[in-house]
Structure formats: structure tokens, C-alpha cells
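Some words used for protein structures rest on a cut-off or a rule. Here each word is checked against a value.

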Amino acid sequence: MSSYQLHNAGYGQGSHPVIVRGEGAYLYSDDGRRLFDAGLGAGSQILGHAHPAVVAAVQRQIADGSIYLYNNPQIHDLCQRLAALLPAPQRHFVFSNSGTEATLRALRLARAATGRQRIACFHGGWHGMNEWTLLDDGGRFGAGITTLPDGIPQPVLDFSLLLPYNDERAFELLTAHGHELAAVIIEPVQGSNPRADILPFLQRLEAECRRLGILVIHDEIITGFRLAPGGAGQYWPLQPDIVTWGKILGGGLPIGLTSCTDEVAARTFGDRHKRILTGGTFSANPLVAAASSAVLSQLASADYRHIDQLGERFRSLLNQGFKHQGLPMSAIGIGSFNRVAFTASHFRNRAERDALELPAATQSRFRQQLLENGVLWPTNGIVFTGFCHQQADIDWLCQQVLAAAAGCLISGA
């Protein structure tokens with residue numbers, strides 16, 4: 001057998017578990033174990049793994065081909081569905097193949113529209129493998145990683161500005177650098193810090209950016225089609241200039257979508273003195289479009305109260321259990337978007353959370369204990385409820401979380 005090394009995190013030889021199948025809320029490993037997928041494919045599987053409607057749509061389309069590299073009816077059917085679903089200002093679409101690519105296109109649009117070069121993002125945020133926003137890695141890959149050689153040219157980072165999240169100082173920095181900022185990109189709900197009290201901060205950010213002529217980009221790769229069918233702009237009274245979408249939209253297939261308002265489109269695509277590139281071999285291909293249309297068809301009739309109530313139950317049961325057992329942990333989130341924090345103290349942002357949480361070794365023991373009990377805990381720590389779940393599933397998951405939390409703290413004492 002030929003020797004090789006696979007460097008994608010978690011996919012190397014010897015990595016476990018090895019997954020061979022998914023169905024509903026579960027993944028199945030090569031040794032026959034059924035594992036509860038608490039992350040639902042990083043949030044992309046809101047309907048559950050291998051949903052019959054998505055599988056059928058892919059099977060129908062694959063028989064006619066997966067890529068044409070030309071105009072096709074499937075992508076226009078998807079656009080019609082999106083136009084009916086997304087907030088009214090977002091009517092100009094550019095498709096790509098990942099969330100990273102969608103955010104790259106969004107930043108390029110913002111620069112072209114404003115004539116400015118610099119981009120601002122927030123500590124604790126995550127916008128994919130996007131060089132312009134990797135001043136900070138969201139804390140996902142280890143403290144201090146951005147101080148090591150990583151292949152990103154320093155001049156790229158010089159055009160980025162890192163802002164403190166949910167913090168008054170962010171607005172002082174915006175005022176100081178507003179004349180050079182093309183856009184501020186932000187997750188309406190941060191994966192590292194999903195909180196229900198963030199709307200006032202988002203509204204003030206929008207107002208300050210309008211005052212300074214800075215475009216607002218909402219990265220809704222996670223929140224899109226989850227907080228509401230139309231994302232945060234439907235859930236809350238917000239009007240971003242550019243939005244990026246992904247994950248749920250693809251139904252498990254890779255997709256990215258960048259949308260913008262008429263004003264941004266007029267200052268970019270509508271300006272004959274500017275050249276806006278939108279090509280991509282697999283962008284807008286009929287196979288992913290068919291899968292995406294199947295997802296949106298299901299979500300159009302879905303009752304979002306179901307997944308929101310399950311998320312609220314998850315947080316409530318865990319917080320009651322943590323308090324009853326005297327465990328220094330808490331569950332936070334909004335709607336179907338959840339996170340377990342390894343601290344019972346209040347925090348405003350990721351920086352404060354990092355200073356308060358239990359050691360990484362304790363968190364690692366927690367994840368290992370859950371795996372032994374049949375739960376795949378997401379590596380990014382974000383737990384989602386989906387339409388594949390019932391109340392009994394969430395109650396069982398909470399029992400496993402509480403048992404693992406108590407076990408890892410006792411064993412680490």
C-alpha cells in the first residue's frame with residue numbers, strides 16, 4: 001500500500017471514529033457504533049443526515065449530469081426560491097462553493113463599492129480560511145497560533161482591523177479608522193459566543209457604519225436558514241449591505257452564496273468602470289442547486305418553533321443540572337444555536353470566556369467521555385437542534401452531557 005499523509009484536521013490515518021454512514025441525528029462508524037451527532041454536520045444538517053427529499057433531488061439530477069458550466073434551469077429555480085425567502089433588500093446573488101469563498105467575494109464587493117481597502121472583523125469570529133480575517137482564529141486552533149509563521153503575508157493582515165466583540169471600544173476604533181474601512185464583517189451570532197442579548201450591539205454597529213460610510217457584511221454561513229428561514233435579517237430588524245450564506249443551504253453539499261442590495265450592486269456590477277469577477281468552475285452547478293431547492297422546499301413549511309423550543313430545553317435542562325450538581329459550567333445560545341461554556345460566570349465575549357473557562361485538558365476529557373457514551377461532540381463546540389430531533393433526543397443528550405461533565409471534573413480533581 002502506498003504511503004501518504006492526510007493533513008486535514010481529524011482525517012489522518014488512525015483518527016477515530018471513522019464514519020461510514022449518516023441518517024437523521026446519527027452517524028455510524030466502521031466498527032458498528034451509532035453515534036449521536038450533536039453538531040449536525042457543523043450545523044449544515046438542519047433536516048438531519050441523508051434527508052429523503054435531498055437524497056431524491058440529488059439522485060434525479062445526477063442522472064442528468066452534475067456540472068454543465070453553462071446556464072441551467074436548476075440555478076434559476078433556486079434563485080426564485082431565495083428571492084421569496086430572504087429579506088427583501090438581498091436580491092443580487094453570486095454563487096460559490098464554500099463559506100470561505102463567499103466571504104472572500106463579499107469583501108471584494110465591499111472594496112469595489114467603496115473604493116476603500118481595509119476590512120474590520122471581530123475577535124472570536126470565524127469567517128473561514130479567509131486571509132483577510134485571520135488576524136484572529138476565533139480561538140479554535142490554539143492560543144497564539146497567529147504569532148507563528150502561517151503563510152499569510154503581513155501586508156494582507158495590515159489591511160485588516162481586529163475589533164473587540166460586544167465591547168464599547170469597538171466603536172472608538174471604528175471612529176478612528178472609519179475613513180479607511182470598506183466594510184465590517186460580523187457573524188450576527190458568534191459561534192464562539194452565541195447569545196440572545198446581542199441585538200443592541202448589532203443595531204449600534206449598523207448605525208455607526210452608516211454614519212461612517214462603512215458597509216456591513218453579515219456572515220450568515222451558520223445563522224442563515226437557522227435563526228429564521230431568512231436568517232438574522234428576518235429574525236431581527238437589521239439591514240446589512242452584503243450577506244454570505246452556506247452550510248444549511250447546500251443540504252450537505254458544498255455551497256457558498258453572496259447576496260447584496262441594489263445599492264451595492266449599482267456601485268459594483270452596475271458600474272461600467274469596474275470589473276467584478278464572479279467565475280468558478282463549480283459555481284451555480286445544477287446538482288447543488290437541486291439539493292438546495294429541496295432543502296428550501298422543506299424549510300418553507302417547517303415550524304421553527306420546534307427547533308427553537310428544543311434549543312431552549314437543552315439550555316434549561318443543562319443549566320438546572322449544572323447548578324444542582326455544583327458544576328462550574330453553563331449553557332448559552334439562541335433558538336436552535338447552543339454552546340456549553342466551561343464556566344458558570346457571566347461573560348460578554350470570547351476573550352472573557354477564555355479567561356474564565358476550565359483548562360483545555362478538562363474539556364478534552366469531557367469530549368472523550370461523551371464519545372464513550374455514544375455522543376460525537378463537535379470540535380468547534382457548537383451544538384445544534386434540528387428537525388430530525390424530538391424532545392426525547394434532547395433529554396437523552398442532556399443526561400449524557402451532565403454525566404460527562406461530572407465525570408471529567410471528578411477524574412481531574
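This is a predicted model: local features need pLDDT of at least 70, side-chain atom pairs count only at pLDDT 80 or more; totals for chains, interfaces and linings use all residues.

Q: Why are helix 1 and helix 9 called roughly antiparallel?
A: Helix 1 (residues 52–62) and helix 9 pack at an angle of about 150 degrees. An angle over 145 degrees counts as roughly antiparallel, so helix 1 and helix 9 are given that name. Their axes are 8 Å apart, and the crossing is right-handed.

Q: Which residues make the contact of helix 1 with helix 9?
A: Helix 1 brings A53, V54, A57, V58, Q61 and I62. Helix 9 brings P286, L287, A290, A291, A294, V295 and Q298. By class, this contact has eleven nonpolar residues, two polar ones and no charged ones.

Q: Why are helix 5 and helix 6 called roughly parallel?
A: Helix 5 (residues 169–177) and helix 6 (residues 199–212) pack at about 10 degrees, with their axes 10 Å apart. The cut-off for roughly parallel is an angle under 35 degrees, so the pair falls in that class. On the helix 5 side the contact is made by A170, F171, L174 and T175. On the helix 6 side are F201, R204, L205, E208, C209, R211 and L212. The residues of this contact divide into seven nonpolar, one polar and three charged.

Q: At what angle do helix 2 and helix 9 cross, and what is the handedness?
A: The axes of helix 2 (residues 73–85) and helix 9 (residues 286–300) cross at roughly 35 degrees and come within 8 Å. The crossing is left-handed. Q74, I75, D77, L78, R81, L82 and L85 of helix 2 meet P286, A289, S292, S293, L296 and S297 of helix 9. Seven of the residues in this contact are nonpolar, four are polar and two are charged.

Q: What makes strand 1 and strand 13 edge strands?
A: They belong to an open sheet of four strands in the order 1-2-3-13, with mixed pairing. Strand 1 (19–23) and strand 13 (375–376) each have a single partner strand, so one side of each lacks a neighbour in the sheet.

Q: How do you know that strand 2 and strand 3 pair?
A: Pairing needs at least two bridges. Strand 2 (residues 26–29) and strand 3 (residues 34–37) are joined by three bridges and run antiparallel. Y26 stands opposite F36 in strand 3.

Q: Why is strand 5 said to be largely enclosed by the rest of the structure?
A: Five of the five residues of strand 5 (residues 118–122) are buried, so the description holds. R118, A120 and F122 cover one face, and I119 and C121 the other.

Q: Which strands pair with strand 5 in the parallel sense?
A: Strand 7 (residues 181–186) pairs with strand 5 over three bridges, and I119 has A183 as its bridge partner there. Strand 6 (residues 160–163) is joined to strand 5 by four bridges, and in strand 6 the bridge partner of C121 is L162.

Q: Why is R353 called buried?
A: R353 has a relative accessible area of 4%. Buried means under 20%, so R353 is classed as buried. R353 lies in helix 11 (residues 350–356). Leaving aside neighbours within four places in sequence, R353 is in contact with S192, R339 and F347.

Note on methods:
Residues are numbered from 1 along each chain as its sequence is written. Side-chain values use heavy atoms; hydrogens and water are left out. Axes are lines fitted to C-alpha atoms, for helices over the stretch in contact, and angles run from 0 to 180 degrees between N-to-C directions. Helices (H or I, at least four residues) and strands (E, at least two) are DSSP runs, numbered from the N terminus. A crossing is left-handed if the near helix is turned anticlockwise from the far one by less than a right angle, and right-handed if clockwise. Contact means heavy atoms within 4.5 Å. Ala, Val, Leu, Ile, Met, Phe, Trp, Tyr, Cys and Pro count as nonpolar, Asp, Glu, Lys and Arg as charged, and the others, Gly among them, as polar. Buried means under 20% relative accessible area, exposed over 50%, partly exposed in between (1.4 Å probe, protein chains only). Angles under 35 degrees count as roughly parallel, over 145 as roughly antiparallel, 65 to 115 as roughly perpendicular and the rest as oblique.
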